[in-house]
Amino acid sequence: MFSKRFDTGIGEIGVLWDLAYSRLYQQSSNLQVGAMFAEYVPTSKRADHLAFVPSQFNWNNNRNRRDRYGAYQALQWRPASNLTLTNTIFFSQYVENSQQTSGKVGGIPSASTTVMPVAGSPVEYDANGVFRKGSLMFASTGKSVEFTNTTTGTSWLPAWYQIDCGASYGAPASSIQWDWSVDAGVDPATLPAGAPRLAQCGPAATLNPNSGAGASHNKNSTLDISQSFVWTPGTGWRCVEACNMFLPARPGSRCM
């Protein structure tokens, strides 16, 4: 900041200049555990063999940098003892850059599939059966759901389409993929390799990992220009004051 007053032949003149700059860094990270669902688990310590296992995990990280630029100027001129003129200019600008990353693993439980501890791997629960530590996978609950993971109970299907897609507890979860444009009366063994089939086991389900990222740039500026004067005409008069202000603002943003 700089300020100075001058006595000149045209009156008193005062000036003030001020410059400002600041930078702010912010970062936030969090991990969220999804809803705990009760399910049958042979390794549970509870008498009913129920365990509470999280359905999914979400995490995100946000980084932000904000720069602020500021400038201020004030000019004052007193050409006579009863008149003072003032001019001020204020400029402020914020430039903000942000980056975000996020990810998720998990799955929505159903009658045939759910998130569960990997069979045969070490696992730890608390006294209430809540999962604390171990390896998880998206696996079969051991329940056969007709048309979802098995057709062994569908009598009208020919023998070659009586299939079971891992309907046993802890096995990699798979569901039946249907193509109703195929003639069920044709034995798929007689079809060329890669030919469509009425029903077949799909690929094993996973914890469905996915992630995302984003970035943004924002810039906002404000310019404030004002003029004013104070005039005292003479004895018995109150002072006369007037001012004028110009205040444009320019917001802007860009996301990627």
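Q: How many aromatic pairs does a search of the whole structure find?
A: The model is predicted: local features need pLDDT of at least 70, side-chain atom pairs count only at pLDDT 80 or more, and totals for chains, interfaces and linings use all residues. Residues are numbered from 1 along each chain as its sequence is written, and side-chain values use heavy atoms, with hydrogens and water left out. Rings of Phe, Tyr and Trp (its six-membered ring) pair if their centres lie within 6.5 Å; planes under 30 degrees apart are stacked, over 60 edge-to-face, and the rest tilted. The search of the whole structure gives a count of eight.

Q: Which type of aromatic pair do tyrosine 125 and phenylalanine 131 form?
A: The ring centres of tyrosine 125 and phenylalanine 131 are 6.5 Å apart. The angle between their planes is 75°, and the pair is edge-to-face.

Q: Is phenylalanine 131 buried or exposed?
A: Buried means under 20% relative accessible area, exposed over 50%, and partly exposed in between (1.4 Å probe, protein chains only). Tyrosine 125 has 10% relative accessibility, so it counts as buried. Phenylalanine 131 has a relative accessible area of 11%, which means that it too is buried.

Q: Which type of aromatic pair do tryptophan 178 and tryptophan 180 form?
A: Their centres are 4.8 Å apart. The angle between the planes is 0°, and the pair is stacked.

Q: Is tryptophan 180 buried or exposed?
A: Tryptophan 178 has a relative accessible area of 23%, so it is partly exposed. Tryptophan 180 has 54% relative accessibility and therefore counts as exposed.

Q: Which residues form one aromatic cluster?
A: Tryptophan 178 and tryptophan 180 form a stacked pair. Both belong to one aromatic cluster, made up of Phe147, Trp156, Trp178 and Trp180.

Q: Which cysteine does a disulfide join to cysteine 165?
A: A disulfide is taken here as a pair of cysteine sulfur atoms within 2.5 Å. The structure holds one disulfide. With an S to S distance of 2.0 Å, cysteine 165 is joined to cysteine 201.

Q: How many residues apart are cysteine 165 and cysteine 201?
A: Strands (E, at least two residues) are DSSP runs, numbered from the N terminus. Cysteine 165 lies in the loop between E10 and strand E11 (176–178), whereas cysteine 201 is in strand E12 (residues 199–201).

Q: Why is the disulfide of cysteine 165 and cysteine 201 assigned its handedness?
A: Cysteine 165 is buried at a relative accessible area of 4%, while cysteine 201 is partly exposed at 36%. The disulfide is left-handed because the torsion about its S-S bond is about -90°.

Q: What is the bridge partner of threonine 114 in E10?
A: Two strands pair if DSSP finds at least two bridges between them. Strand E7 (residues 113–117) and E10 pair in the antiparallel sense over five bridges. Strand E10 (residues 136–140) is largely enclosed by the rest of the structure, because four of its five residues are buried. The partner of threonine 114 in E10 is alanine 139.

Q: How many polar residues are in the lining of the largest cavity?
A: A cavity is a set of points on a 1 Å grid over the protein atoms alone where a 1.4 Å probe fits but cannot get out, and lining residues have an atom within 4 Å of a point. Of the 10 residues that line the largest cavity, the closest to its centre are Ser112, Thr113, Asn149, Cys165 and Ser174. Ala, Val, Leu, Ile, Met, Phe, Trp, Tyr, Cys and Pro count as nonpolar, Asp, Glu, Lys and Arg as charged, and the others, Gly among them, as polar. The lining has no charged residues, three nonpolar, and a polar count of seven.

How values were computed
1 Å grid on protein atoms, 1.4 Å probe; cavity = no way out; pocket = protein on both sides within 12 Å on 5 of 7 lines; lining within 4 Å.
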